[in-house]
Amino acid sequence: MAQDKAVFEKQKEQMAGGKGFIAALDQSGGSTPKALRQYGVEEDEYNGEEEMFGEIHKMRTRIITAPDFTSDKVLGAILFERTMRGEIEGIPTAQYLWEKRGVVPFLKIDKGLEEQASGVQMMKPMPGLEALLDEAAQDFGIFGTKERSVIHEADAEGIKQIVAQQFEVGRKVIAAGMVPILEPEVSIHSESKDEAEKMLEEALRVQLDTLAEGEDIMIKLTIPSTPGLYDGLADHPRVVRVVALSGGYSTDEACERLSKNHKMIASFSRALAEGLSKKQSDEEFNALLGSSIDKIYQASL
C-alpha cells in the first residue's frame, strides 16, 4: 500500500481538524515486558523475543479490532516497527487501521535514549533511517512518524540541543513525504518542570519559524504545568496538531490535566491500556477499553 497523495491529504485533514485522540501502541523492546505484565502476561509465559513480540502483537490486535477503536474517537495510532510489518486478519497493520477503522497510521522511529547530559536525554543515533522512512511511506502507506527524547531539568542549553535534534530528524521525515511528530517529553518528575516547559516552548517557537511552507509537523508534549502554555504553538501555520502524552499520570489525572488545555489532544499509551488484561473475556475487555477511549476522547475535545 504505497502512499497515495489523495489519501495523504485526507489523513492530514483528519489529523488537523478531527475530534478525537491518537492511540500510542508503540512500546518497543525495552518497554514490552512491562506492557505485557500490565496486560497480565508474565515473563515465564513466553520464551524469547519472538514469542514476546507475538504476545504484544496479539494485545495490539485485540485493541485495534475492538468495536470502539474507530475514527469516531481515535484519529490516529502510533505503531512499533514490528507491528507495521505485521498483519491483522491477513492485512498489513497500517492498511487495516486506515481501511477498516479509519485511523491514521504513524510509526515510532527513535532507537531509544542516550545517557543524561545537560539535564536531557537525546535520541540515540538511527542508522538506516532513510531506508526505514522510505519503506514506511512507500511499502506501508504510513502517514507520519514519532520520535521521543526527554528533558529532566530546566537547562536552556540542553533543551535547545534536544529541540535542534528533533527538528533535524523531523526534516528527514518531511523529505520522505511524511509528517513527523516531534516528542521532546518533559519528565513529570522534574523539579523544574514548569520552568523547563517555558524554555521548551520558546525553543520550539524559534525552530518552527525556520520551517518553509509545506514543511508541516506535529508536536507531542507533556501536559504543561501552566494550562494553555502551548496554545501559541498549536496556532502556528506549520503545526498540524499539538498532542499530549500521559507521561506516567493515571488515566484520570492525565484526562483531568488535559481538559484544561483546549488546543491539545491526547496521545496516550499506558493510560489507554490501563486495566486491560489478557484474562478478560472479550465482553469485559471491550467494555473497559470503550470506557477508556470515551474518557480520553472527552478530555481531548
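By class, how many nonpolar, polar and charged residues does the lining of the largest pocket have? It has seven nonpolar, 14 polar and ten charged residues, where Ala, Val, Leu, Ile, Met, Phe, Trp, Tyr, Cys and Pro count as nonpolar, Asp, Glu, Lys and Arg as charged, and the others, Gly among them, as polar. This is a predicted model, in which local features need pLDDT of at least 70 and side-chain atom pairs count only at pLDDT 80 or more, while totals for chains, interfaces and linings use all residues. Residues are numbered from 1 along each chain as its sequence is written, and side-chain values use heavy atoms, with hydrogens and water left out.

**Largest pocket**
- The volume of this pocket (an open set of 1 Å grid points over the protein atoms alone, with protein on both sides within 12 Å along at least five of seven lines) is about 860 Å³, a volume being the space filled by probe spheres set on points joined across faces, edges and corners.
- Of its 31 lining residues, Q27, S31, R148, E185 and S269 lie nearest the centre, lining residues being those with an atom within 4 Å of a point.
- The helix α2 (32-38) and the strands β7 (144-151), β8 (179-186) and β11 (264-268) each supply at least two lining residues (DSSP runs numbered from the N terminus: helices H or I, at least four residues; strands E, at least two).

**Second largest pocket**
- This pocket has a volume of about 170 Å³, and α7 (156-175) and α8 (193-208) each supply at least two residues of its lining.
- Its lining has seven nonpolar, one polar and two charged residues, with K160 and E202 among the lining residues.

**Second largest cavity**
- This cavity (a set of points where a 1.4 Å probe fits but cannot get out) has a volume of about 30 Å³ and is lined by A24, L25, Q27, M59, S269, L272 and A273.
- Its lining has five nonpolar, two polar and no charged residues.
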